[in-house]
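Here are some notes to read alongside the structure. Keep the viewer open and look up each spot as you go.

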Amino acid sequence: MTDTRFFNEMEAGEGAPRAPYADYANWFSGEDPKDLLRKSAEAETFFRRIGITFNVYGQKDAQERLIPFDIVPRIISGAEWRVLEKGIEQRVRALNAFLADIYGGQEILRSGRLPTELIAKNDAFLPQMVGMVPPGGVYTHIVGTDLVRTGENEFYVLEDNARTPSGVSYMLENRETMLQMFPELFTKMKVRPVSSYPAELRRSLSDCAPPNFDGTKPRVAILTPGIHNSAYFEHSFLADQMGAELVESSDLKVVDGKVQMRTTKGYKPIDVVYRRVDDDYLDPLSFNPESMLGVPGIMDVYRAGNITIANAPGTGIADDKALYSYMPDIVEFYTGEKAILKNVPTWRCSEEDSLKYVLDNLKDLVVKEVHGSGGYGMLVGPAASKKELSEFEAKLRAKPDNYVAQPTLALSTVPIMTKKGLAPRHVDLRPFVLVSPNRVHMTAGGLTRVALKEGSLVVNSSQGGGTKDTWVLGD
Amino acid sequence: MRLKISHTTTYSYDRPVDYALLQLRLTPRNGPGQTVLSWQSQVSGATQQVAYQDHFRNDVELVQMHEGGQTVTITSQGEVETENLNGVIGMVSKVPLWIYRSPTRATTAGPTVRKIAAQAREALAGNALAGVHELSSLVAEAVTYTKGETHVATTAEEAALAGKGVCQDQAHVLIAAARHLGLPARYVSGYLLLEGQTQQEAGHGWAEVHIDGLGWVGFDVSNAICPDDRYVRVAIGRDYGEAAPVRGLRQGDATEELCVSLQVQQ
């Protein structure tokens with residue numbers, strides 16, 4: 001049975017496919033479901049072999065887990081994609097202008113469009129960035145905007161992920177897997193490639209290098225916290241794919257005014273560091289003195305203009321959940337245009353009236369921690385037990401500033417392959433956006449996360465979500 | 001007044017150090033009440049990596065100790081012409097004022113600091129300047145100047161609880177209390193001419209509190225006055241850590257010995 005409360009991206013009703021899925025549905029009807037199930041199992045073996053696994057925080061026994069992959073692609077038409085592209089480009093430009101302003105003249109605070117408190121009392125604001133203009137003026141080099149769909153033309157931005165969005169390796173590996181398993185589908189359908197992402201990433205980062213690099217091209221490195229980090233696979237995978245150095249704290253030193261890496265031929269300067277280490281750990285000399293993951297002196301070198309740090313320290317102030325509700329104003333303030341993509345209505349629990357509303361309607365709402373991520377510490381009202389609701393109520397009353405609430409969105413569904421055939425499951429979408437001084441580039445594709453449990457609206461991999469390949473059609 | 005300053009800091013280690021970085025904030029700038037006539041800094045045993053202005057517009061140098069070295073000597077000397085402004089620095093602020101309203105780890109008001117602050121509330125409501133003077137003397141009473149009882153990382157609350165500390169601790173307590181009362185406050189590191197005493201053991205530190213209508217006003221709890229023409233401002237920050245003349249980080253477990261030679265004279 002089709003649940004009409006939710007927009008089904010594959011079906012138009014009466015069993016007919018929606019246009020973007022027409023060719024796929026046609027192909028699917030000619031396949032033997034047993035074969036497809038067998039291929040599903042093969043896909044899992046494939047992922048295990050190449051080693052894409054994922055560490056789940058808070059789970060002792062299953063330190064490395066595989067994120068399940070579903071073989072039914074999520075398909076987006078060219079026309080749909082162009083709207084998303086325009087909307088995200090607008091939003092990302094606004095985010096960069098906002099960051100330049102917040103660490104510069106702070107016009108938006110003086111205009112009264114944003115309460116100063118929101119910045120002043122926010123741990124994501126880094127005083128150390130005040131007055132600092134990063135090379136090329138770019139703050140958010142890599143953005144992973146989380147989108148959800150609720151209808152034919154209804155897309156909402158859920159989160160802006162402007163710090164260190166992960167998941168791009170899944171976009172690339174999912175496609176690789178699909179190409180290997182279903183080559184014939186790719187001859188039947190015009191699916192735009194995603195394989196150029198690593199080269200685009202490298203180009204985009206290089207374009208943001210400080211002007212004084214040695215030799216003919218800037219040296220790019222990925223700084224990883226190390227093998228125990230949940231995204232270590234992605235760090236090493238990306239470094240390999242884009243031809244960048246993979247470095248850890250202990251490989252780096254300040255030499256001759258630059259951050260340099262130890263090689264067998266002595267120290268070599270790094271011009272752009274794509275760091276996958278959080279702000280607080282980045283430099284023990286400027287931030288948390290206890291950090292063993294960072295590079296002492298990198299902020300000094302940065303302020304002197306001798307290295308590009310991607311994303312810039314302090315960008316977290318732009319994707320903070322408390323700030324999210326102001327995004328329509330922020331977009332309008334810096335671009336002079338109305339926001340193309342919708343924002344989910346958000347109640348700020350720090351405000352008394354909102355808190356009252358949230359407490360009265362807790363069972364219908366999604367409540368999130370302002371600084372949380374990965375689906376940890378959130379409450380999905382409709383799915384919560386009475387006990388969970390009352391426990392959360394106590395938390396909300398104790399620390400209302402720490403929470404925002406949103407309506408439970410009717411997330412669209414895309415079918416997954418099950419033993420009983422196709423079955424709809426809720427999805428979201430994270431496209432990956434690259435920003436350089438002259439260009440905002442969005443790879444035609446992204447990471448589709450899918451809640452594998454029937455009826456579940458939580459797609460986070462740490463909460464049992466899976467992934468799908470995302471196809472953008474070349475129409 | 002024309003002040004001549006000569007400041008030498010030597011760090012010695014009991015074994016060779018492979019890698020050490022020092023962040024230096026040792027250069028005074030021209031500003032209200034002071035004109036730098038000449039200033040020179042020299043570092044031996046280490047090499048300058050970068051020089052830049054930080055978020056508070058302090059001049060910063062990052063130097064790296066020579067690999068395998070055992071001593072670093074940092075020498076600053078120069079002449080500064082000063083003028084008595086009775087502590088009033090004025091409206092100059094290069095960063096938004098609210099940055100100085102939030103507590104840092106070292107300047108978070110705990111129960112002891114809050115108690116000191118509460119006693120100044122009434123005076124503060126009448127006249128802000130008089131109120132901060134009152135607060136400053138309350139801090140001097142509550143935290144008596146005592147050497148060797150606290151260390152560089154002692155927080156305002158710890159010092160207030162101990163009731164003892166040096167100029168850094170007294171400034172931290174004043175800053176924490178002022179912020180608790182809603183006033184922007186900051187730390188200043190610098191130099192002070194002491195009457196009849198040319199040789200000093202260490203640089204000086206005091207607080208500045210922002211008062212509506214006046215702007216930044218200096219308060220030296222330790223000497224119970226507002227800084228005059230005997231004071232030279234070198235660096236500012238939200239607390240000592242951000243304004244510290246030297247911040248360092250090194251690999252290995254060598255034992256450090258510090259030797260300071262400081263002369264401030266007319």
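Predicted model: local features only at pLDDT ≥ 70, side-chain atom pairs only at ≥ 80, totals over all residues.

**Notes on strands, loops and domains**

1. Let's start in chain B. Strand β2 (residues 20-24) of chain B runs antiparallel to β15(B), and five bridges join the two.

2. Where does it sit in its sheet? In chain B there is an open sheet of four strands, in the order β4-β5-β2-β15, and the pairing is antiparallel. At the edges you'll find β4 (46-53) and β15 (246-250) of chain B, each of which pairs on one side only. Going from one strand to the next, the twist averages 15°.

3. With strand β6 (residues 69-82) of chain B, β1(B) pairs in the antiparallel sense over 12 bridges. Here B:I5 has B:G78 in β6(B) as its bridge partner. With strand β16 (residues 256-265) of chain B, β1(B) also runs antiparallel, this time joined by 10 bridges. For that pairing, find B:S12, which stands opposite B:E257 in β16(B).

4. Over to chain A, and a hairpin. β21(A) and β22(A) form it, with two residues between them. Strand β21 (residues 413-418) of chain A and β22(A) run antiparallel and are joined by six bridges. Two prolines face each other here: A:P415 has A:P424 in β22(A) as its bridge partner.

5. Stay with β22(A) for a moment, as it also pairs with strand β25 (residues 447-451) of chain A. This pairing is antiparallel too, over four bridges. One contact to look for is A:L429, whose bridge partner in β25(A) is A:T448. Is β22(A) mostly covered or mostly open? Mostly covered: seven of the 10 residues in this strand (residues 421-430) are buried.

6. A word on how chain A is divided up. Domain 1 is made of three stretches (11-210 + 307-343 + 409-472), while domain 2 covers 211-306 and domain 3 covers 347-407. How far apart are the C-alpha centres of domain 2 and domain 3 of chain A? They lie 38 Å apart.

7. The peptide bond joining A:A310 and A:N311 is cis, with omega about -15°. A:N311 is found in the loop between β15 (308-310) and α12 (321-324) of chain A.

8. A:N161 is not a glycine, yet its phi is positive, at about 30°. Look for A:N161 in the loop between β8 (154-159) and α6 (168-181) of chain A. B:A224 also has a positive phi without being a glycine, with a value near 55°. B:A224 is found in the loop between β13 (215-219) and β14 (231-237) of chain B.

9. Are these two residues buried or exposed? A:N161 has 22 C-beta neighbours inside 10 Å, so this residue counts as buried, because the cut-off for buried is 20 or more. B:A224 has 11 other C-beta atoms within 10 Å, so B:A224 is exposed, because exposed means 12 or fewer.

Technical notes
Residues numbered from 1 in each chain as written. Chains lettered and ligands numbered in written order. Pairing = 2+ DSSP bridges. Axes fitted to C-alpha atoms, helices over the stretch in contact; angles between N-to-C directions. Domains from an automatic or database assignment.
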